[in-house]
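Biologist: Hi! Could you walk me through the aromatic contacts in this one?

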Amino acid sequence: MTPRLYVFCGLPGTGKTTEATKLALAVSAIRFCPDDWFRALNLDIWDESRRAGIEATQWGLAKDLLRLGVNVVIEFGSWAREERDVLREGARALDASVELVFLDAPLDELYERVKKRGGFNPPMTRAHFDEWSAIIQRPTVEEWALFAAPFAP
């Protein structure tokens with residue numbers, strides 16, 4: 001069976017971790033989430049340089065697993081189309097299929113979810129969500145066409 005890479009895209013608070021965890025169990029996949037490693041290693045979650053290193057390490061492990069025929073869930077957020085292209089093309093080069101999972105919600109709702117969840121030091125602010133909403137590149141119809149249809153477990 002062809003392995004599948006599931007790429008989760010969305011801002012904080014959209015439910016990526018909840019949905020990625022459920023999906024990983026349903027499709028017998030290994031899930032990679034940088035925030036899990038930040039918490040486990042007691043690192044500064046705002047350290048973008050360290051985040052890039054963790055994501056690169058997780059992507060390397062994910063490719064090894066895809067080569068072995070294992071399904072993988074990537075929960076990086078993948079805000080930029082370029083990031084999603086790298087993941088999609090890298091997985092396809094390994095003969096894996098690739099599915100995009102985009103989660104979204106109104107900014108006020110995202111902020112309230114994250115505020116309630118807590119755990120960030122310093123905390124995320126409503127201004128962060130305004131800034132991030134302007135930065136994220138939501139998938140276009142053309143981009144969606146580049147990914148496999150959703151798998152129904």
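Modeller: Happy to. A search of the whole structure finds four aromatic pairs. Rings of Phe, Tyr and Trp (its six-membered ring) pair if their centres lie within 6.5 Å; planes under 30 degrees apart count as stacked, over 60 as edge-to-face and the rest as tilted. This is a predicted model, where local features need pLDDT of at least 70 and side-chain atom pairs count only at pLDDT 80 or more, while totals for chains, interfaces and linings use all residues. Residues are numbered from 1 along each chain as its sequence is written, and side-chain values use heavy atoms, leaving out hydrogens and water.

Biologist: Why is the W79 and W132 pair tilted?

Modeller: Their planes are at 55 degrees, so the pair counts as tilted, with the ring centres 5.7 Å apart. W79 lies in the loop between β3 (71-77) and α4 (81-92), and W132 is 53 residues away in helix α6 (residues 126-135). Helices (H or I, at least four residues) and strands (E, at least two) are DSSP runs, numbered from the N terminus.

Biologist: And is W132 buried or exposed?

Modeller: Buried, at 10% relative accessible area; the cut-offs are under 20% for buried, over 50% for exposed and partly exposed in between (1.4 Å probe, protein chains only). W79 is partly exposed at 22%.

Biologist: What does F129 do with W132?

Modeller: They pair edge-to-face, 5.3 Å centre to centre with 70 degrees between the planes. F129 is buried, at 0% relative accessibility.

Biologist: Which residues form the aromatic cluster?

Modeller: W46, W79, Y111, F129 and W132.

Biologist: Switching topic, where does the charged end of R88 sit?

Modeller: Over the ring of F147, 5.3 Å from its centre. That term needs NZ of Lys or CZ of Arg within 6 Å of the ring centre and within 35 degrees of the ring normal.
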